[in-house]
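User: Please take a close look at one part of this model and describe its surroundings in a connected account.

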Amino acid sequence: MALLQIAEPGRAAAPHQHRLAAGIDLGTTNSLVATVQSAVARVLPDLLPDMEGSPLVPSVVRYLPSGEARVGREAQMQQADDPANTIVSVKRFMGRRLADLPDADALPYRFVDRPGMVHVATAAGERSPVEVSAEILRALRTRAEAALGGELAGVVITVPAYFDDAQRQATKDAARLAGLTVLRLMNEPTAAAVAYGLDRAAEGTFAVYDLGGGTFDISILRLSKGVFEVLATGGDAALGGDDFDHAVAHWLCNAHGVASLAALAPREQRALLMAARTAKEALSQSAAAEVTLTHPDGTIWQRTLSRAVFGTLCQPLIDRTIAATRRALRDARLQSAEIDGVVLVGGSTCMPLARDAVRGLFGCEPLADIDPDQVVALGAARQADVLAGNANGDGWLLLDVCPLSLGLETMGGLVEKIIPRNSTLPVARAQEFTTFRDGQTAMSIHVVQGEREAVADCRSLARFELRGIPATVAGAARVRVTFQIDADGLLAVTAREQTTGTEAHVEVKPSYGLSDAQVAAMLREAFDTSLDDMQLRALREAQVDARRLLDATETALAADAALLPETELAAIRQSLFGVAEALEVGAPLDALRAAAETLSHATAEFAARRMNASIRQALAGRTLDSLA
Ligand code: ADP
Ligand code: MG
């Protein structure tokens, strides 16, 4: 994933045409909307006085039997009373199937396993994660339009750098449902870097440490000549502020002789977790905080939590983030001292514990002057301002790249990569393919994503067919397949037969559901197995060649066996059988090549004889086409 700045002189709008644009951080725990006004990016707080002007909208949606939805703080307050209808952390379900959610059983929702994406049955009916996210986006839109006094022309929405096509598409769908025009999806670490103006530097290598509510993400970015490249991403999809809340809640239970949180009623558990979170957040400012839980029978649990005790409780969690950061540095082949700056993102980086650990690892003071809660939204707002054409004389654009290679299945179950990973978006690449058999009039096009050489090891994105190819000999048809990825990383594939202009097209709406861990694993696997893959490719290619030779020989024998003396025919049949058998048993490369070689030798004479025969026949007035 790289970012490229390009000037777009034609896009700068005249001052009176200022188009309202906003950046949206659609977070797992909290969401925000920000905009640029008078060249300054700022977050938009809630205008309602009872919401204390907080810019954060908790990413919580509660569905009522009336069919209405409540969003944000109000929904969050009711979470303990109505857990089954109050959806939190819906971002984790975006573009996922039920089977992709390892902790589904532990969640209070009634999941419905729908093809494509898991749904939740609520008091208001069944809802998809896209619809739930759309409620959050609608709330942000309302807030922004009230604050700015007009309709939003477009927004930039941030997504984690590791989000795959399905998750990005789901995010765009949610925006469309909320009536928003998406100018661009932007990677969260990139947005944070942009908020700090790091894109204005000449070059540098930066780490973005993002500890949010439920996830930890580390990204290593390199900026050079105006291009940001993501060198590595890593993290832990199940590690965030919530785990610190659990640690504190657990501690209070233990202090009162209760072995675990699970011993409490669900409503008490939630109340205690809320209390733990409040205390944890207070500890970022003060040396000690009270944790209080009032039981239904009136008993009160109360303890004072000091920073020191909090530190011993939570150091193991922080250590896990540091271990993941070291892994990402290793992936990027960098030492911590080679990092020029570290950006802190996410509410949980307000904890001194987190800052100390980051400072300790990198040996420098992390960038934190911009509120880590807001930094992603502020960067997105700057990008939105540029894309809407408002940034006069400062018209740079940021472009991302595709994280995994995209290609097609070719004969032998191999992948032909059309767009290599890390290509700058938007991008279009085309390649010509041909038919495999004589008279073939249709071609099945299978689009795959991944770094491996074998289709079976990559992810299948889409299949479609091109029909109406004029029937000719194998290898004569010319089919041009074009891959086009738009700026949001969404793919369209077109196949066109060049002589007739017959065309088939598919918008790749990928089958939802590849986890970030799977993406990382796919990449890792591709690097680990590149040698195996080369051998596999060689074998598969030899198999395709052998099968082609087999087919051609059989066709020739069927037509012209009469041209052959008995002994030669026997020798050819013998070596035909050898090749067929080698293919049948999946013989290793050397054996297969040897068998194919033998067949080639055996048929050399025959081929020459056929050639002569066909010339004689042609001279006898027959057309060549019928001899294909
Ligand atoms: P996400 O990116 O997952 O939406 P956020 O970046 O909004 O999450 O972070 C939310 C988390 O940050 C919560 O666990 C919250 O308790 C924690 N948090 C927010 N402010 C503070 C603070 N001052 N000290 C410690 N933790 C905080
Ligand atoms: Mg976040």
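Analyst: In this predicted model, the second largest pocket has a volume of about 960 Å³. Its lining comprises 29 residues, and those closest to the pocket centre are Gln79, Val88, Asp242, His246 and Leu273. Two helices, helix 5 (241-255) and helix 6 (266-283), each contribute at least two residues to this lining. Helix 6 provides the largest share, with six residues. Sorted by class, the lining of the second largest pocket consists of 13 nonpolar, nine polar and seven charged residues.

Backbone atoms of the protein make several polar approaches to the ligand. A polar backbone atom of Thr29 lies 2.7 Å from an oxygen atom of ligand 1. For Asn30, a backbone N or O atom is 2.9 Å from an oxygen atom of ligand 1, and for Thr28 the corresponding distance, again from a backbone N or O atom to an oxygen atom of the ligand, is 3.2 Å. On its own, ligand 1 has 580 Å² of accessible area, of which the protein covers 90%.

Definitions and conventions
Residues are numbered from 1 along each chain as its sequence is written. Chains are lettered from A and ligands numbered from 1 in the order in which they are written. This is a predicted model: local features need pLDDT of at least 70, side-chain atom pairs count only at pLDDT 80 or more; totals for chains, interfaces and linings use all residues. Side-chain values use heavy atoms; hydrogens and water are left out. On a 1 Å grid over the protein atoms alone, a cavity is a set of points where a 1.4 Å probe fits but cannot get out, and a pocket is an open set with protein on both sides within 12 Å along at least five of seven lines; lining residues have an atom within 4 Å of a point. Grid points are joined across faces, edges and corners, and a volume is the space filled by probe spheres set on the points. Helices (H or I, at least four residues) and strands (E, at least two) are DSSP runs, numbered from the N terminus. Ala, Val, Leu, Ile, Met, Phe, Trp, Tyr, Cys and Pro count as nonpolar, Asp, Glu, Lys and Arg as charged, and the others, Gly among them, as polar. A polar contact is a pair of N or O atoms within 3.5 Å; within protein, one must be able to donate a hydrogen and the other to accept it, and residues adjacent in sequence count only if both atoms are side-chain atoms. Accessible areas come from the Shrake-Rupley method with a 1.4 Å probe; for residues, only the protein chains shown count as cover.
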